[in-house]
Amino acid sequence: MSNIKNKKILLGITGGIAGYKSAELCRLLIKQQAEVRVCMTQSATEFISPLTLQALSTKPVHTDLFDHEAEAAMGHIELAKWADIIIIAPATANTIAKIAHGFADNLLTTIILASHAKLYIAPAMNQNMWQQPQTQQNIQQLASLNIKTLGPAHGIQACGDTGMGRMLEAREIIAELAKNTPQTLLTNTTILITAGPTQEALDPVRYLSNRSSGKMGYAIAKAALQMGAKVRLISGPVNLPEPIGVETIKIQSAQQLLTSCQQYAGDSDIFIATAAVADFRPIVQSQQKIKKQDDRDKLTIELTKNPDILATISHDFPHLFTLGFAAETEQLITSAKKKLKSKKLDMIAANQVGDNLGFEKNDNAIELIWHDGQISLPMMDKQNLAFKLLSLLAKHYRNCNAAY
Ligand code: CTP
């Protein structure tokens, strides 16, 4: 799902030859299901016809501050309030200078001064104009006002020069907008995530553990944060930086993981268990290092079962929407479906492991299963997979909550 779907975007076009790219930008924004309105300066209309933009956006194009008819339909202040995002593409050196200094001498600059929308500019100009200290100072001034500059790119220019100043291509602008626009699918939710392996101590220097790297859980935590959730991550020992903006709690053993989950489950809405929990722990944890002892060839360690954290939490906190992971080397779907039922989950991500798959890797593929359906998410980068997985989870979570 696109981050700019349903966003209200005002496309501002100023007078430059790159204006021909604005038509493609308008088309692609609409394709992403954004709501688009267009505002052009007088000089922009010399390069591209308002009629082209009107046909693409299916809305009247705004060009004149003193157009009574347009003002009656949607006045410039209303337009300024309507927009979530304003993107000026192309942005000339002249318009950049005006915005940097707060001028409001045409419809577009007036709207910008009256709006709280997130503002992006995609400069397009001759390379000498771009390099001039005045322009560079204006760009710095925009950055200090939290106005984001996209591009420009380097290349051959319409005037024949080669250098910096080409406007970014429409698809590059869309990618930048999407990257900078937070998704809102998980706003007003608090998500508790377990990640990484557990370590079950044998003595002060040795432990039993597994190959989990924590990458999937950390990717889910980052994606959930970007999708608007408040995120708590309870993590076993891993070699990954704590995600900025995520409250991260470090644990070692399965028992510590359970205690920590019990502490936070009550004020969470969604519980996602990616941790590879050791199913057993040594019955005795030696206080001293276990010695090799020359007179013995064997050492037997007795293990006892660890609590099943996911099953315990889903049983004790029935208000939670729960997603488990099933790490399997065989009978992937059958085993995952059994775990979905036995652990009383809402969803389970079946994950083939072993044979160089799953654990420690940057890519992963899963079969996401719920009680009356399933979907394959093919092999992809774990961060992308996390976004796809959470988009599906959000849909089921919202449906399930709407039923109450
Ligand atoms: N899990 C858990 N606590 C455990 C074991 C597993 O919370 N003691 C969670 C995992 O985080 C995962 C799900 O349960 O979300 C399934 O884990 P998995 O290792 O695939 O299965 P197990 O329940 O351990 O069963 P088995 O080892 O028999 O496959």
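Me: How do you know how much space lies in the largest pocket, and what makes it a pocket?
Reply: In this predicted model about 710 Å³ of space lies in the largest pocket, a volume being the space filled by probe spheres set on grid points that are joined across faces, edges and corners. On a 1 Å grid over the protein atoms alone, a pocket is an open set with protein on both sides within 12 Å along at least five of seven lines, whereas a cavity is a set of points where a 1.4 Å probe fits but cannot get out, and lining residues have an atom within 4 Å of a point. The model is predicted, and local features need pLDDT of at least 70, side-chain atom pairs count only at pLDDT 80 or more, while totals for chains, interfaces and linings use all residues. Residues are numbered from 1 along each chain as its sequence is written, and side-chain values use heavy atoms, with hydrogens and water left out.

Me: Which residues line the largest pocket nearest its centre?
Reply: Of 34 lining residues, Ala-275, Ala-276, Val-277, Phe-325 and Ala-327 lie nearest the centre. Helix H11 (215–226), helix H13 (309–316) and strand S16 (321–328) each supply at least two residues of this lining, where helices (H or I, at least four residues) and strands (E, at least two) are DSSP runs numbered from the N terminus.

Me: What classes make up the lining of the largest pocket?
Reply: The lining divides into 14 nonpolar, 12 polar and eight charged residues; Ala, Val, Leu, Ile, Met, Phe, Trp, Tyr, Cys and Pro count as nonpolar, Asp, Glu, Lys and Arg as charged, and the others, Gly among them, as polar.

Me: Why is the pair of Glu-169 and Lys-21 called a salt bridge?
Reply: The term requires a side-chain nitrogen of Lys or Arg within 4 Å of a carboxyl oxygen of Asp or Glu, and the side chains of Glu-169 and Lys-21 meet at 3.2 Å, N to O, so the pair qualifies. Glu-169 lies in the loop between strand S7 (162–166) and helix H10 (170–180) and Lys-21 in helix H1 (residues 19–31), so the pair ties together parts that are 148 residues apart in sequence. By this rule the count comes to 10 salt bridges.

Me: Which residues line the largest cavity?
Reply: The structure holds one cavity of 30 Å³ or more, and the largest cavity is lined by His-62, Asp-64, Ala-70, Glu-71, Met-74, Gly-75, His-76, Leu-79 and Leu-107.
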